[in-house]
Amino acid sequence: MSLTFPADEEFSKLLSRDENIDLLTATLELARDADPEMDFEPTRRWVRQRASELTGPLAKAKSEIEQLELLAHHLAEVHGLKGDSDSFREAACSYLPHVIETGRGLPISLSVLYIAVAAEAQIPLTGVAAPAHFLTRFESAGGPLFLDAFSGGQIYDEADCVAFLYERTKLSPADIALSLGPIGPRVIIMRMLNNLRVLFAGQHLWNDLLPVQRRLAALQPANVQEQLDLAQVERRVGRLDDCIDRLRRLKASTSADWRPQIEAELSAARKVIALSNLAVRTPPRQSAEAFPTKVAQPTPDEERQQNARRCNTRHQ
């Protein structure tokens with residue numbers, strides 16, 4: 001199966017390392033894997049409407065932090081965008097239309113909506129791939145500020161943000177500080193895909209996982225493990241020709257260190273094919289009724305005895 005996405009213009013840009021993409025549209029392209037008939041326009045319209053509602057209040061704001069507070073209040077309190085722990089168990093909470101409809105989402109999906117509305121309102125927010133908790137970042141005159149969309153738009157300065165993440169992760173403050181830089185759309189999309197992968201794999205939803213793993217493999221063509229993972233999913237959903245073709249090409253293009261894993265996957269795929277062929281060749285076992293029992297013919301002596309009994313019966 002070819003790892004191209006002709007219907008996904010923004011995702012296709014990522015494959016060519018173009019970071020100048022529409023993040024909102026790229027995330028909607030991911031959501032369309034779960035709903036092929038999805039219309040992007042209602043989500044785009046929702047973003048424009050929220051930004052339009054903020055135009056007047058933002059113009060009256062006296063400081064950058066007041067602008068951020070207005071944005072957070074409008075999205076979290078007026079329009080109900082907040083996180084909850086159940087979101088981490090639901091794939092739909094990664095998809096923006098569902099997040100808008102329910103008000104529930106993951107830190108990253110909520111943050112993408114914050115980024116989109118802020119961009120429409122001329123507030124430059126960027127994503128932050130902080131450990132265990134996605135955030136957004138604003139470059140203020142006094143230093144970076146961080147918004148936590150999952151917590152209703154809580155705003156932190158850098159020191160407070162490091163302290164908040166330390167309590168969650170117990171990583172060193174120095175390592176946390178290094179993780180707080182701005183990231184581009186590619187990293188955001190990969191993080192969203194990895195969230196979906198963990199969820200679908202954990203629930204053995206292989207058909208749902210297939211488009212997710214295809215995208216991850218396409219974004220990282222030189223990553224052998226991603227290609228192996230894709231072959232495994234293809235095997236699990238019965239795409240055996242695609243699986244074997246991928247593994248053969250991988251075997252021919254990778255170092256010998258990967259051969260044992262590739263051979264193991266090839267063997268697993270061939271076993272599935274062999275079992276399938278065996279099932280086709282072996283006729284189904286038929287019930288006893290399909291094979292009438294052959295009645296043994298009586299011997300001459302038995303036949304004379306039966307005739308004698310019939311005669312006796314007629315005379316009773």
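This is a predicted model: local features need pLDDT of at least 70, side-chain atom pairs count only at pLDDT 80 or more; totals for chains, interfaces and linings use all residues.
Residues are numbered from 1 along each chain as its sequence is written, and side-chain values use heavy atoms, with hydrogens and water left out.

## Helix α3 and its partners

Helices here are DSSP runs of H or I with at least four residues, and strands are runs of E with at least two, numbered from the N terminus. The axes of helix α3 (residues 41-60) and helix α4 (residues 64-78) come within 10 Å and cross at roughly 135 degrees. Such axes are lines fitted to C-alpha atoms, for helices over the stretch in contact, and the angles run from 0 to 180 degrees between N-to-C directions. The two helices α3 and α4 are therefore oblique to each other, since angles under 35 degrees count as roughly parallel, over 145 as roughly antiparallel, 65 to 115 as roughly perpendicular and the rest as oblique. Their crossing is right-handed, a term for a near helix turned clockwise from the far one by less than a right angle, with anticlockwise giving left-handed.

Where α3 meets α4, contact means heavy atoms within 4.5 Å; on the α3 side the residues are Trp-46, Arg-50, Glu-53, Leu-54, Pro-57 and Leu-58, and on the α4 side Gln-67, Leu-70, Leu-71, His-74 and Leu-75. By class, this contact of α3 with α4 has 7 nonpolar, 2 polar and 2 charged residues, where Ala, Val, Leu, Ile, Met, Phe, Trp, Tyr, Cys and Pro count as nonpolar, Asp, Glu, Lys and Arg as charged, and the others, Gly among them, as polar.

Helix α3 also packs with α6, at an angle of about 55 degrees and with the axes 8 Å apart. The helices α3 and α6 are therefore oblique to each other, and their crossing is right-handed. In this contact, Trp-46, Val-47, Arg-48, Arg-50, Ala-51 and Leu-54 of α3 meet Leu-113, Ala-116, Val-117 and Glu-120 of α6, a set with 7 nonpolar, no polar and 3 charged residues.

## Pockets and cavity

On a 1 Å grid over the protein atoms alone, a cavity is a set of points where a 1.4 Å probe fits but cannot get out, and a pocket is an open set with protein on both sides within 12 Å along at least five of seven lines; lining residues have an atom within 4 Å of a point. Grid points are joined across faces, edges and corners, and a volume is the space filled by probe spheres set on the points.

| Space | Volume | Largest share of lining |
|---|---|---|
| Largest pocket | about 230 Å³ | α9, 5 residues |
| Second largest pocket | about 160 Å³ | α10, 3 residues |
| Largest cavity | about 30 Å³ | α2, 3 residues |

Of the 15 residues that line the largest pocket, Phe-88, Leu-106, Pro-107, Ile-108 and Asn-195 are the closest to its centre. The lining of the largest pocket has 9 nonpolar, 4 polar and 2 charged residues.

The lining of the second largest pocket includes Thr-4, Phe-5, Glu-29, Arg-32, Pro-211 and Arg-215, and its residues divide into 4 nonpolar, 1 polar and 6 charged.

A search of the whole structure finds 1 cavity of 30 Å³ or more. Its lining is formed by Thr-27, Leu-30, Ala-31, Ser-94, Tyr-95, Met-192 and Leu-196, with 5 nonpolar, 2 polar and no charged residues.
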